[in-house]
Amino acid sequence: MQTIAIILGSTRKSSLGRSLFNHLQLTAPALCAELAIKATFLDLAQYNLPFFDEVLPPMANNQRHLPANQQQWISDMAQADGYLILTPEYNHAMPAALKNALDFLAFEGQRKPVKLISYADNMRGGQFGAAALVPVLQRLGMLVLPKPTPVGQLQNNLQPDGHFIAAAPLKARYTKGLSQALQEIAYYTTVLTEHPFPTA
């Protein structure tokens, strides 16, 4: 069974994305079971990663010896077959914490699909955060699915625990969009896992 890592790309305690992350923890397992995949949930804040400061770039260092928390992040990413990344938009880019976490990676995500879900407190849904993330993921060899899913006005629709606010105005849109995002990443993860690109 293929594994999708759902990643919260912000480490802020007050991050709006945490309500979305919690919502997916409530709703994704049932849909994943229908899709015959497994979901794991990776909260960047739990890894307590320092700013990247290794002597050699990860791709040029096959003799890395890392502290347990840093190695756990790398191992969790390596064990996943595909990724669903939740990213906010900070000044038209991704958060520094997310970029920093990706800088720890070498080849763990190579030829694996990734679906982006951007979020914000407005109706634009953090789209520039997702756009800025694409070239970083491509440099790591990941296959970025072409259309991100923007999620807007989180504070008006989700409670911090992930449940919908009463009479949430965008409940139907959230339900449909997030379900489609999971179905899409599940499809491409299954296809690419079962039919890997041949390597020399």
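## Tyrosine 187 and tyrosine 188

At 35% relative accessibility, tyrosine 188 is partly exposed; buried denotes under 20% relative accessible area, exposed over 50%, and partly exposed the range in between, computed with a 1.4 Å probe on protein chains only. Tyrosine 187, with a relative accessible area of 53%, is exposed.

This is a predicted model, in which local features need pLDDT of at least 70 and side-chain atom pairs count only at pLDDT 80 or more, while totals for chains, interfaces and linings use all residues. Residues are numbered from 1 along each chain as its sequence is written, and side-chain values use heavy atoms, with hydrogens and water left out.

## Aromatic pairs

Rings of Phe, Tyr and Trp (its six-membered ring) pair if their centres lie within 6.5 Å; planes under 30 degrees apart are stacked, those over 60 are edge-to-face, and the rest are tilted. This rule gives 5 aromatic pairs. One of them joins phenylalanine 21 to phenylalanine 41 in an edge-to-face arrangement, 5.8 Å centre to centre with 80° between the planes. The partners come from distant parts of the chain, 20 residues apart: phenylalanine 21 belongs to helix α1 (residues 17–34) and phenylalanine 41 to strand β2 (residues 37–43). Helices (H or I, at least four residues) and strands (E, at least two) are DSSP runs numbered from the N terminus. Phenylalanine 21 is buried at 4% relative accessible area, whereas phenylalanine 41 is partly exposed at 23%.

The rings of tyrosine 187 and tyrosine 188 have centres 5.1 Å apart and planes at 90°, so this pair is likewise edge-to-face.

## Salt bridges

The structure holds 4 salt bridges, each defined by a side-chain nitrogen of Lys or Arg within 4 Å of a carboxyl oxygen of Asp or Glu. Among them is the bridge between aspartate 43 and arginine 18, at 2.7 Å from N to O. Because aspartate 43 lies in strand β2 and arginine 18 in helix α1, this pair ties together parts that are 25 residues apart in sequence. Aspartate 43 is buried, at 9% relative accessible area.

Glutamate 54 and arginine 64 also meet through their side chains, with an N to O distance of 2.6 Å. Both residues lie in the loop between α2 (44–47) and α3 (68–79), 10 residues apart. Arginine 64 is buried, with 17% relative accessibility.

A further bridge connects lysine 99 with aspartate 103 at 2.8 Å, N to O. These residues are 4 apart in helix α4 (residues 96–103), a separation of about one helical turn. Lysine 99 is partly exposed at 31% relative accessible area, and aspartate 103 is partly exposed at 27%.
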